[in-house]
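Visitor: I have a structure open and would like to talk it through with you. Could we look at it together, one topic at a time?

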Amino acid sequence: MNLNRSTMNKKIILIVLPLFIILHAAQAQKRIVVRGKVSDGIDFLPGVTVVELDKNNRIAKGTTTNIDGEYVISLSNSEHKLQFSFIGYKEKVVAVDGQTSLNIVLEEDVKTLESIDIIAQKITNTGMMNVEDRDLAIPVAKISAMEFQNVQASSIDEAIQGRLAGIDITSNSGDPGAGMSIRIRGVSTLSANATPLIVVDNIPYEVSIASDFSFSTANEEGYSQMLNIPVDDINEITVLKDAAATAMWGTKAANGVLMITTKRGARGREPVISFNYKNTYSFNPGHIPLLNGDQYSTLILEAYQNSYGVPLNTSIRREFLYSADDPYFFHNYSANTDWLEAITRDGSTNNYDFSITGGGTKAFYRFSVNYQDQIGTTLGTDMNRLSTRLNLDYFISDKLKMRADFSIAHGITNANYTDNSIKSSRGTDARSIAYKKMPNMSIYEFDAWGNQTDNFFSPESNAQGTSPSTYNPVAMVSDGVNRIANDRITTKYSLYYDIFEGLRYTLDLSFDVNSNKINRFLPQTATGKKWTDQWVNKAYDFDSDTYYLYSNNMLSYSNTFNEKHQVAATLNLMTNENIGSAYEIWTSNSGSSTQQDPSNPSKVNESGVGPKTDLSHGRSIGSALLVNYIFDDRYIINGGFRYEGNSRFDENNRYAFFPSISLAWRLSGEPFMSSATWLDDFRFRFSYGENGNPPRYEGMFYSNINSFDWNYMGQSAVYPTNMELKSLKWESIKQTNIGLTFELFKGRIYAEFDYYNNHTEDMFGYNVSVQSTSGFSTNSVINLGTMDNYGWDMSVRTIPVKSDDFKMTFDFNLARNYNILRELADNYANIRNETIGNGEYQTIAQIDNPAGSFYGYRYQGVYLNEDMLIARDAKGNKITDPNGVEIPMVYDYKNTRYFFELGDAMYEDINHDGNINASDIVYLGNANPLFTGGFGSMITWKDFSLNTFFYFRYGNDIINRTRMFGEAMYNYDNQLASTLRRWRKPGDETDIPRALMQKGYNYVGSNRFVEDGSFLRLKYITLSYRLPVKIAQSIGFKSIRASVTVNNLFTFTNYTGQDPEININSSDAEIYTVGYDDSRTPRSKDITFILAVTF
Amino acid sequence: MKRTLTKIQLGFVALILFFATSSCNDWLYLKPEDGVLVDEFWQSQADLEAGLMGCYASMLGNNVGGSMSVSELMLLWGEIRGDMLTYYNEQVNDYMLVWQGDIKPYNSFCKWSSFYRTINYCNTVLEKGGPILSLDPSFTEDEWNQYRAEALAIRALMYFYLTRVFDEVPLVLDATTNDLQVITQPKASRETIWAQIEADLAEAEKYICFTYNAAPEVDKGRITKHTVWALQADFYLWTEEYAKSESACDKVIQSGKFWLVDGNMEWITNLYVLGNSPEGIFELQFDVDILNPYFNLFYTNANYRAHPDVMEYFWPTDPYLVDADSADIRSDRGSYRSGMNYAIWKYIGRSRTELKSPSEAYSNFIVYRYADILLMKAEAIAAGLESDDPVRGSEALALIQQVRRRAKASVLTDEGEETSKEALLMYVLKERAREFAFEGKRWFDILRYAKRDNYKRIQTLKNMYQLCAPSTKLLSIQSKLNDPNSHYLPIPQSDIDASNEQLVQNPFYEE
């Protein structure tokens, strides 16, 4: 391995070396001594800087004038120039031209021009080439800092949510630092990893910690630290959508590219200091009404009676006894606790941002510091982050430039305790537990005399069972620990050398160190487990470090011939390497709930606890050639080839080749259109490109041998851990895009329309079930099929009103994506849960249908009378057996043979056979929205501006599992207040079935829980005021701006769940559970105050 | 100067082109750093032995998600559909469904993956062992045959469980090591599976040793010739070849190496808690590193307990009993403990009176013990009778009484000296229930009894539910049992889904 790494180092050196040879070759011979005096016309000036500049304006040598304003300098070449500079005077450059004596007069620098109107075309950087926006043949979406400077957002993804066409961003949860999931143009793959590549200042930004780290929660936390870049540091975000656009970035860009450009200094600018302060207050969003303790107890007693025909034996289940004769149970189990209320609060965020920007002729800089602290709306969740960034540009000469960027971020996130058994996706996070926790329980324990103690009331078991399905959520959020410390150091170095006019060499090197430390502690006070149990005082320490090395060598050429042929070409070689190592330890049974670190005396030598390490190492290499040719400013053609290799494949499939081409025709540039002066730009675009995805994990084409955690009679025992994946291929994506762009009336209307088709072949499926008779239950990854994602997106920006004092913009974007499954591998199960049970939907991945379709029964209310219980045929006549006896309705005659009773849920008997079973399952809905998009308007009047933005999704369905389990009335979990409407006795007219303890089929997957998930949300509304420049200057500031923003002020929706803005993909990374909504922290309403000053 | 520059520039371009096109295969070849590759393993006798130990170790615990471990299922498959076990609280929904006779293909008790995992380990040992003969000069043909015999016997044990629980299952005899191999498998017929088990056991019997000449517990924890005989005895009872079964029992009895543990106050401690007693033939060996799952099932999580009415049926209260300690040792404080809500004491007691602590829960799981051989022989004799035969009948009765005497069985459960075939079969069935309560035998015993002679005695199986089934479900459970296919569990739905229609559901559970 070391050998391999050193060869690569050699390669880099070999590439860098010629560069220095070129530099040295530029030196020439004629030496000359120049002397003279410097004055301002009146006095001689001492201390003036005199430097020798070579023909590329590189500084060769320098001196200063003495007290009499005299200087002497020996020049290495008589062709060189001298530069004179002094504070308060204008800089002067003089050609020596063989003269040996030069007296110089410097002019005083009086600023006359406050600003210059720059007339230039907007430029888009696609990573490799800077192409004028008007010459783009590829679909891009762009957003600049201006558009989100007033928005309260802790990260960029939050800031751009809904602003860009075809880009769907949803929050994973409302907890601090929880991250968002980003999809560009729908999901092109069934596997969970459809996140676009994020490129910060031309360097890919790794968002995952050691990606093949096997502990299942690792990814989540890595993700939560994603995009740890303060919003204030961002200058511009560009989204590249199709394969032709992403050719440069290779396979990592298969899901699109999100390019982030951070702010930099500018040449010849005096320092500008700016300070921003933001304060956000998040209102506790509340929760769906639940039963109180008394209502709950009534429900339980009723459910038991309905199910078993006898009353609940309250001498065993004393939780429901309510008898003062048993004071311990009476006091502890007669409360009306609102558990959710007890673990939630109002949240707040403070964000401080400081930056200094400036530059001279040779160098410019931007330095920024950002501090943010956030308190989440669930108790025990908060975040602190300090980050700094320094961007430096230095012009060694006109031909040679270097750039160095440093950024360091230190963040600490406190979350509620999780581990593999207490995890949000399984519904055992604190909020989910609080939802179902028995409300007649007290938070704090009462002793046998009825006095309240300070101890949390956490019985080891009660009617609801034992931890982790029931613990004291208040104890968990107060005493539990889940602290994630993240340190990230990203440094980046670039060198640009213009070999000759038009040909440039670029070297980018980046070193990224990402370190995560996680501490967790599961307190006994929450679980109530016996002190000897392994669940007691479980402590966890996890350390992971990931090193990410990136290099890119690039030659680019651009030139214009005969004013009609513009050619640009690039060739590059890019390498990536990531090295990760992680270490974790679990201990249990420390002496007290205050001993929360694994270093305390505790058990480590049992199965289930103890240390574990994990290492990962991956590499990829890619080379691309791109050519861009423009004829007569009208016909644009762009072609690329990319060859890429990745260490995640077996040697047969290690390399892949990805071509791309894009074409554009600027109709507006044709001579016959010249009369249409109102038309600024009108362009047709076409592009086609191929790209690919490597699998998520390294080393899967090996079969490993591991030892069991235990011996067999003292002898070591081993087993093969996995199948060798010999046949695994690249997931390949073929993308076609047809688009149209136009700009009218000097930029007053700008619009883009695109139609696209992304055809994914050999799509990956992770942890795919295989027939377990093979000895393995799952295959870690297979090429499982083909999928098409097609659709369109449009983006329109208009300026309806524009006058001196008043300006109004109106932007909107709209996108529609169809996601169709085309083929599935033979061994991939396309149906799950053929017969469905309570709480389940049938899941089918149907060819030529969208992924994310829901199948289940059709709910028709409740059996209200005996007559309804008789089976009927298609004509509505009662079905009788040969003896003429009426046949009753039955659930799944063959297996279950449950005869429906009054008050049970009634499902439509589609085939009219009197038997509700799998053949009555029908299509119920689809998780894919018809449209997603957003619209907004910015109104400026004098120094005021009002910015509003709406975000919507339309036409998607959601399975409201919160309601499904909240109205199940099947066990001892607390239920929603809507169950007060349940059927209780004959004669009741209701749509909610009766309570049945552990029996019946009242909450089988049906359209009862499928809801329309459409919503329109006022994402934010901002009012800001900028102090007039003159007033600001009079008190010593360049500018002062203040604003107030309200986020999520209101949402229009018919959805009855917490929040219709659910995560797009499923929590367990399965295609089958797309569109399932489990209880999460809902989005809070926020109000933000911002004060921004520069001086 | 300009000329030089151009040259350098050209060289520079060439250099980049060179690196862009040259192969970087070496640089992209990365080996995992945290494991041994299969290619580098299976080189020596030590590797093979570690692999074989992996077959045993895999039965103890569960390091893949989804399915219960082999050791857990060996117990539960034999009890969940029987009458002696019932729920403690309603927390195991899948058990509640089984209890109500509502078994569906997605019930987690149908998940067999841990069995097939062990089978795959056995197949891997069988496949990789042969080539080691030529790689490791110190590894002899005889040693290889011994290892092979062990792997074959474990595989036979796994399939014997599978065929008793599911009837027809896929018969996988080749190791799965990579994704190019055919992974989907259809079911094999019952005859094919039985033939394979019989052949594997015969082959194992040929080569396997009597003793490992190591610590005494090794002969209990690894398969020996006696284990193979015990397996054959059990297997031939199932296939209704009684003479073969009897002769296998005789071989174990005649070996003279096993005897019944004394039925005194330390009986539970000696036989179960400490384990590896003279009575044990094959026991899965748990230790501090790998605690057994039973303590959690029966105490920590308290998912199950003994059914009080059924306990009363098998061990009726004797009003004339002198003191509690002179009762049947297998009753209260032996198999169960009435004072602790009928908890299953066999697995959670340290002695007749003391409870274990969770960290002590490393008692073995006894797969076969000597009492089993005695009662199997009695059953083989009785079932093999063409007509009632007092001589052979008395021989069988004597074996039953030998077991009863040790247990100080109550006169109330004594069925007298009746030697008719039917009486003996019934007596064995009841005595096995008492002797092997909660040892994962009950359901197989009653099913074997019921299905014998073409389901002649199926009514007994149906009657069994009268005490234990929920009253509202009794009729539907009993009517389902008329279809013999319902006696077997459904094929797990996840496997049917993954099989690309290769695997067909047990007809009883088909939609």
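**Surface, core and sheet**

Visitor: Is A:I637 buried, partly exposed or exposed?

Guide: This is a predicted model, and in it A:I637 has a relative accessibility of 36%, so the residue counts as partly exposed. A:I637 lies in strand 31 of chain A, which covers residues 635-646.

Visitor: Which residues make the nonpolar surface patch with A:I637?

Guide: A:I661, A:L663, A:F686, A:I738 and A:Y755 make the patch together with A:I637, and its area is about 480 Å².

Visitor: What about A:F742, buried or exposed?

Guide: A:F742 counts as buried because its relative accessibility is 17%, which falls under the 20% cut-off. A:F742 belongs to strand 36 of chain A, residues 731-744.

Visitor: And what does A:F742 touch?

Guide: Not counting residues up to four places away in sequence, A:F742 touches A:D681, A:F682, A:I749, A:Y750, A:A751 and A:F753. As for A:F684, the C-alpha atoms of A:F742 and A:F684 are 8.9 Å apart in space, while the two residues are 58 residues apart in sequence.

Visitor: Switching to the core, which residues touch the most other members in the largest nonpolar one?

Guide: In that core, which has 171 residues, they are B:M74, B:W77, B:L162, B:L284 and B:F298. Helix 7 of chain B, residues 141-166, gives this core its largest share, with 16 residues.

Visitor: What is B:W77 in contact with?

Guide: Leaving aside neighbours within four places in sequence, the contacts of B:W77 include B:F109, B:W112, B:F115, B:L162, B:W443 and B:L489, and B:K111 is also among them. There is also a second, separate core of 47 residues, and A:I300, A:I343, A:W535 and A:V609 are among its members.

Visitor: Where is B:M464, then?

Guide: B:M464 sits in helix 20 of chain B, residues 458-468, and B:M464 is buried because its relative accessible area is 7%. Beyond residues up to four places away in sequence, B:M464 touches B:R81, B:G82, B:D83, B:R442, B:W443 and B:I446.

Visitor: Last topic: in what order do the three strands of the open sheet in chain A come?

Guide: The order is 52-51-56, with mixed pairing. Strand 52 (1010-1012) and strand 56 (1076-1077) each have a single partner strand, so they stand at the edges and one side of each has no neighbour in the sheet.

Visitor: How do strand 51 and strand 52 run?

Guide: Strand 51 of chain A, residues 957-960, and strand 52 of chain A run antiparallel and are joined by three bridges; in this pairing, A:I959 stands opposite A:V1010.

Conventions. Residues numbered from 1 in each chain as written. Chains lettered and ligands numbered in written order. Predicted model: local features only at pLDDT ≥ 70, side-chain atom pairs only at ≥ 80, totals over all residues. Heavy atoms only, no water. Patch = residues over 30% accessible without salt bridge, like charges linked within 9 Å, V, L, I, M, F, W, Y side chains within 5 Å. Areas by Shrake-Rupley, 256 points an atom, 1.4 Å probe, with all protein chains shown as cover. Salt bridge = Lys/Arg side-chain N within 4 Å of Asp/Glu carboxyl O. Helix = DSSP H or I, 4+ residues; strand = E, 2+ residues; numbered from the N terminus. Buried < 20%, exposed > 50% of the residue type's maximum accessible area, 1.4 Å probe, protein only. Pairing = 2+ DSSP bridges. Core = buried A, V, L, I, M, F, W, Y, C linked by side-chain atoms within 4.5 Å. Contact = heavy atoms within 4.5 Å.
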